[in-house]
Amino acid sequence: MAQQLANLFTRVGQIGFGVAVVGGVVNSALYNVDAGHRAVIFDRFVGVKQVVVGEGTHFFIPWVQKPIMFDIKTRPRNVPVVTGSKDLQTVNITLRVLFRPVGDQLPRIYTTLGIDYEDRVLPSITNEVLKAVVARYDAGELITQREKVSRNVSEQLTERSAQFGIILDDISITHLTFGKEFTQAVELKQVAQQEAERAKFLVDKAEQEKKAAIISADGDASAATSLAKAFGEAGEGLVELRRIEASEDIAYKLAKNRNVVYLPNNQSTLLSLPQ
């Protein structure tokens with residue numbers, strides 16, 4: 001009886017060991033493709049298979065086959081470029097692109113470019129396109145026609161990247177500056193324009209003041225002429241009338257003043273007026 005139990009346990013152990021071995025082999029023949037990824041299979045006998053494996057768990061032949069994973073989600077990349085404008089000004093420009101590979105072309109991408117395809121392609125074609133486009137515009141046009149420049153860059157870069165199996169979902173210019181000499185020249189030009197505007201304002205102001213002085217002088221001359229004519233016609237009567245009006249005004253103001261208590265009857269209110 002004991003011998004039979006021992007044989008049974010031995011048999012169960014052998015079966016368990018066999019199951020474990022089979023499970024290990026099966027497990028080593030499985031691989032997972034995560035969300036947002038695709039796999040390309042490299043076969044030691046036939047090379048890269050022209051089949052793209054989608055998300056999920058899949059079988060492969062260990063040692064003979066090897067899955068290569070690709071991220072097909074949209075990713076950003078900034079590419080700085082130093083180039084020259086049409087008027088030979090140094091331009092520092094940075095382009096931000098959102099890129100992803102074409103899923104069906106992953107076998108070709110892996111065969112010709114490798115897993116790091118974006119490092120091999122994007123900097124070179126971005127540099128090429130930016131230099132070609134920027135060279136068509138002078139420094140002023142790059143600022144005033146930035147939207148047009150960005151559109152030209154986007155069209156040409158999208159066409160070039162498609163040749164390598166790369167899709168560009170968005171392209172934008174995030175940084176655009178010029179060399180130190182050009183920046184200083186622009187600042188000096190702005191200062192000169194401000195000084196010119198200030199000088200123009202001062203000239204206009206002086207002209208207006210001159211016109212005002214002429215108008216005032218003409219008014220004084222007309223007033224003097226009118227007074228001379230009035231004195232000639234009325235004699236001293238006009239002067240006496242003005243004295244009476246002035247006396248009334250002074251008396252009214254003194255009456256409203258709290259510090260004045262009374263006025264003597266024999267006190268004249270025009271003490272300083274010439275007789």
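A nonpolar core is a set of buried Ala, Val, Leu, Ile, Met, Phe, Trp, Tyr and Cys residues that are joined through side-chain atoms within 4.5 Å. In the predicted model considered here, the largest such core has 34 residues, and L95, L157 and L168 are those with the most contacts inside it. At least two residues of this core are supplied by each of β5, β6, β7, α2 (106-112), α3 (117-134), α4 (139-144), α5 (146-162) and β8 (166-178). The most is given by α3, with eight residues. In soluble globular proteins, nonpolar side chains tend to be buried together.

The protein chain has seven helices and eight strands. Of its 275 residues, 23% are buried. Among the contacts in the chain with a separation of 6 or more, 66% are between residues 24 or more positions apart. The accessible surface of the protein chain comes to about 18900 Å², and carbon and sulfur atoms account for 57% of this area.

S85 lies between β6 (75-84) and β7 (90-101). Is S85 buried or exposed? Its relative accessibility is 5%, and S85 therefore counts as buried, since the limit for this class is under 20%. Its side chain is joined to that of D87 by a polar contact of 2.4 Å. Beyond its neighbours within four places in sequence, S85 is in contact with V91, V134, A135, Y137, D138, A139 and L142.

Charged side chains form a further set of interactions. Side chains of opposite charge can pair when their charged atoms come close. A search of the whole structure finds eight salt bridges, and three of them are described here. One of these joins R96 to D170, with the closest N and O atoms 3.0 Å apart. This pair links distant parts of the chain, as R96 is in strand β7 and D170 is in strand β8, 74 residues apart. R96 counts as partly exposed at 26% relative accessibility, and D170 is likewise partly exposed, with a relative accessible area of 29%.

Another salt bridge is formed by K73 and D71, whose closest N and O atoms are 3.1 Å apart. K73 has a relative accessible area of 39%, so this residue is classed as partly exposed. In a further pair, the side chains of D116 and R120 meet in a salt bridge with an N to O distance of 3.1 Å. Here D116 is partly exposed, with a relative accessible area of 30%, whereas R120 is exposed, with a value of 51%.

Which residues make the nonpolar surface patch of about 430 Å²? The patch is made by F45, V46 and W63. W63 is found in the loop between β4 (56-59) and β5 (65-71). The relative accessible area of W63 is 62%, and this residue is therefore exposed.

Conventions
Residues numbered from 1 in each chain as written. Predicted model: local features only at pLDDT ≥ 70, side-chain atom pairs only at ≥ 80, totals over all residues. Heavy atoms only, no water. Patch = residues over 30% accessible without salt bridge, like charges linked within 9 Å, V, L, I, M, F, W, Y side chains within 5 Å. Areas by Shrake-Rupley, 256 points an atom, 1.4 Å probe, with all protein chains shown as cover. Salt bridge = Lys/Arg side-chain N within 4 Å of Asp/Glu carboxyl O. Helix = DSSP H or I, 4+ residues; strand = E, 2+ residues; numbered from the N terminus. Buried < 20%, exposed > 50% of the residue type's maximum accessible area, 1.4 Å probe, protein only. Contact = heavy atoms within 4.5 Å. Polar contact = N/O pair within 3.5 Å; in protein donor to acceptor, adjacent residues only side chain to side chain.
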